[in-house]
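Welcome! Take a moment to look over the sequence and the fold, and then we can walk through a few of the features together.

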Amino acid sequence: MSYGLAFEPFLPWPVLGALAAVALVLAVLLVGARTRGGAIRALALLVGLIALANPSLTREEREPLSSVVAVVVDKSASQNFGDRTTQTEAARAALDERLKRIPGLEIRTIEADARDGETDGTRLFSALSAGLADVPPERVAGAIMITDGRVHDVPEQAAALGFNAPVHGLITGQAGERDRRVALEKAPRFGIVGQRQMLTFRVTDEGVPAGARVGVIVRRDGEVIANPVVTAGRPAQVEVEIAHAGANIIEVEAPPLEGELTLVNNRAAVSIDGVRDKLRVLLVSGEPNVGERTWRNLLKSDANVDLVHFTILRPPEKQDGTPINELSLIAFPTRELFQTKIRDFDLIIFDRYAQQGVLPQVYFDNIVRYVRNGGALLVAAGTDFVDTGSLYNTPLEDILPAAPTGQTTEAPYVAKLTDLGKRHPVTRGLPGSESDPPHWSRFFRVVDAEARSGVTVLSAPGDKPVLQLDRVGQGRVALLLSDHFWLWARGYDGGGPYIDLLRRLSHWLMKEPDLEEERLKLSTSGRDLVVERQTMGESVPVAQVTTPSGTVRNLTLTQAEPGLWRATTPADELGLWRAVNGQLTALTNIGPLNPKEFAEVTSTKDWLAPIATATGGGLWRLSELKGSVPRVVAVSSGERLAGDDWMGLRTRDVSVVRGIGLFPVFAGLSGLLLLLGVITAAWVREGR
């Protein structure tokens with residue numbers, strides 16, 4: 001409880017000051033002239049002035065507030081290396097026991113966890129600011145951080161802390177730790193598919209002299225593509241080919257350094273987006289047909305497709321007397337297309353083409369070699385496939401997945417997905433296929449054929465193949481055995497998903513990664529990592545997911561739909577995630593590819609030293625304290641707040657007012673009696 005005096009004058013202070021000056025002059029004259037009762041009269045004037053000032057006695061009931069010390073515990077992933085976790089917990093317990101001995105001290109323990117999948121690096125000061133957001137700055141006695149010293153949000157100025165108190169650090173880990181790390185210095189973000197890009201990286205060894213020769217491994221999407229030998233401490237370069245469209249994840253991995261702290265940063269990765277140059281498609285149409293425009297419109301609508309289209313209207317042996325100037329303006333450049341530049345095309349399509357003497361047999365041999373070496377062929381067949389001029393009666397017989405029986409079935413039917421077709425990414429989930437029969441229009445013809453290889457994904461009644469897919473060597477072949485897909489495009493009887501089917505088909509032929517039958521994919525959904533496996537099989541093995549910190553998680557995948565299996569796991573770490581399922585490997589990145597948390601992992605005092613010095617705090621390495629912590633001392637004044645074996649906390653004399661009392665001195669009867677008493681004393685003295 002405290003007492004005081006307050007004034008609430010009845011007159012403004014300037015007026016009261018003027019009256020005080022007049023009263024002072026009168027008092028001096030009365031006393032100087034030795035007037036009888038002059039001193040008492042001066043006293044009366046003084047009492048009158050005090051009454052006009054309206055003094056009041058005050059009484060405050062105050063409750064002292066405790067000082068607050070923040071203990072910030074680093075729970076980031078780098079704290080799991082070595083014996084840092086053990087050191088942290090031991091220091092936390094010892095520090096808590098010592099702080100509790102100080103009376104009037106509130107302990108706030110703040111855990112800073114950088115594994116929430118949203119922040120990059122260790123951010124202890126952000127956690128400190130959030131933990132003390134409701135504490136007035138004058139109550140903060142100090143902050144003590146238990147960390148390995150690799151803190152990525154250290155303020156440049158002490159004023160940025162928002163309080164005037166020491167920041168101390170208890171450093172985990174050991175002095176002289178050894179570690180090898182790989183850092184990318186220059187990497188492109190994009191690259192043209194099929195071209196090579198230059199990657200610049202550096203291998204750095206801490207705790208050992210630089211200059212060692214290190215053999216590194218360079219991988220693309222998990223496959224080894226180079227094994228250069230580089231010098232530690234110096235930049236090195238390697239060329240990598242952009243193999244496919246989309247993300248090409250390039251990894252550079254260095255072997256372990258003897259006695260190093262961790263292997264987690266021995267690998268660095270970058271994602272280079274592969275951009276396809278124009279996809280070149282050669283479309284060769286035989287006799288004009290209504291389905292020809294469907295193919296042309298579909299391919300021309302894709303801005304990424306460069307279409308070369310020829311229609312064979314008149315075979316060279318046909319002699320009907322048509323004048324030369326009325327024939328086609330462009331001769332069919334067979335030699336240029338099928339011999340000189342055949343490798344320039346990503347896809348060759350024969351649409352209802354029959355032999356008419358335009359293409360010699362040797363060119364069909366070229367097409368076979370083109371497919372076996374990685375090319376793609378699509379044959380859209382009709383009645384031409386059973387005629388004597390059928391493409392099957394050419395060297396293409398060796399790579400076509402079905403053989404014609406010589407018959408066609410002319411009857412309405414609804415094509416259905418086969419069991420394999422329900423799993424195949426080309427036909428899985430086609431709009432309308434969920435009902436039985438499928439909700440799309442009928443076809444009226446199918447070329448009878450016997451499947452020889454590959455898979456049938458679309459069939460007619462009697463298990464007759466309608467769409468057959470096959471892999472030949474390094475290339476791919478598709479065979480359409482009905483020429484009525486144009487009915488879907490025209491919207492006959494409700495139409496059908498011709499755009500979805502034909503676009504997926506063409507992209508599967510051109511090896512689009514998303515349409516691979518056997519594929520493992522990683523993606524994120526909210527705060528979860530999603531593992532997806534596409535397969536033609538009926539089951540999949542357990543998936544092994546490796547986190548950026550090296551922890552392995554085993555996930556059991558469940559079937560989400562035919563041919564697609566899925567599992568999720570919390571995406572609680574930043575960096576490169578790896579999944580293995582059978583023979584397949586998938587990679588994805590969450591946040592930065594090379595997080596700060598794992599860039600430098602050796603413990604150090606250097607990063608916290610500036611802020612500790614600026615606030616008067618101290619730094620101690622726990623391994624040198626032999627399992628203990630420095631003594632904690634309450635310091636009320638002075639600039640020195642740390643010593644070799646002690647740390648200081650500023651004690652705060654802070655309180656909050658719980659109640660207040662006010663007693664006006666000259667109010668009511670007490671004031672009247674005081675004034676009358678002084679006036680009466682002056683009158684009595686003067687009357688003597």
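This is a predicted model: local features need pLDDT of at least 70, side-chain atom pairs count only at pLDDT 80 or more; totals for chains, interfaces and linings use all residues.

The tour starts with an open sheet made of five strands, which pair in the parallel sense. In general, the strands of a sheet pair through backbone hydrogen bonds, and the pairing can be either parallel or antiparallel.

**The sheet**
- Strand S4 (105-112) and strand S35 (619-621) form the edges, and each of them pairs on one side only.
- From one strand to the next, the twist averages 15 degrees.

**A look at one edge**
- Strand S6 (residues 167-171) is joined to S35 by three bridges, in the parallel sense.
- To find this pairing in the model, look for Gly169, which stands opposite Leu619 in S35.

**Helices across the sheet**
- Helix H3 (residues 84-99) lies across strand S3 (67-74), S4, strand S5 (140-147) and S6.
- The direction of H3 makes an angle of about 160 degrees with S5.
- Helix H4 (residues 124-131) also lies across S3, S4, S5 and S6, and runs at about 135 degrees to S4.

**A buried leucine**
- Leu576 belongs to strand S33 (residues 575-581).
- Leu576 counts as buried because its relative accessible area is 6%, and the cut-off for buried is under 20%.
- Leu576 and Ile249 are 327 residues apart along the chain, yet their C-alpha atoms are separated by 9.6 Å.

Key. Residues are numbered from 1 along each chain as its sequence is written. Side-chain values use heavy atoms; hydrogens and water are left out. Two strands pair if DSSP finds at least two bridges between them. Helices (H or I, at least four residues) and strands (E, at least two) are DSSP runs, numbered from the N terminus. Axes are lines fitted to C-alpha atoms, for helices over the stretch in contact, and angles run from 0 to 180 degrees between N-to-C directions. Contact means heavy atoms within 4.5 Å. Buried means under 20% relative accessible area, exposed over 50%, partly exposed in between (1.4 Å probe, protein chains only).
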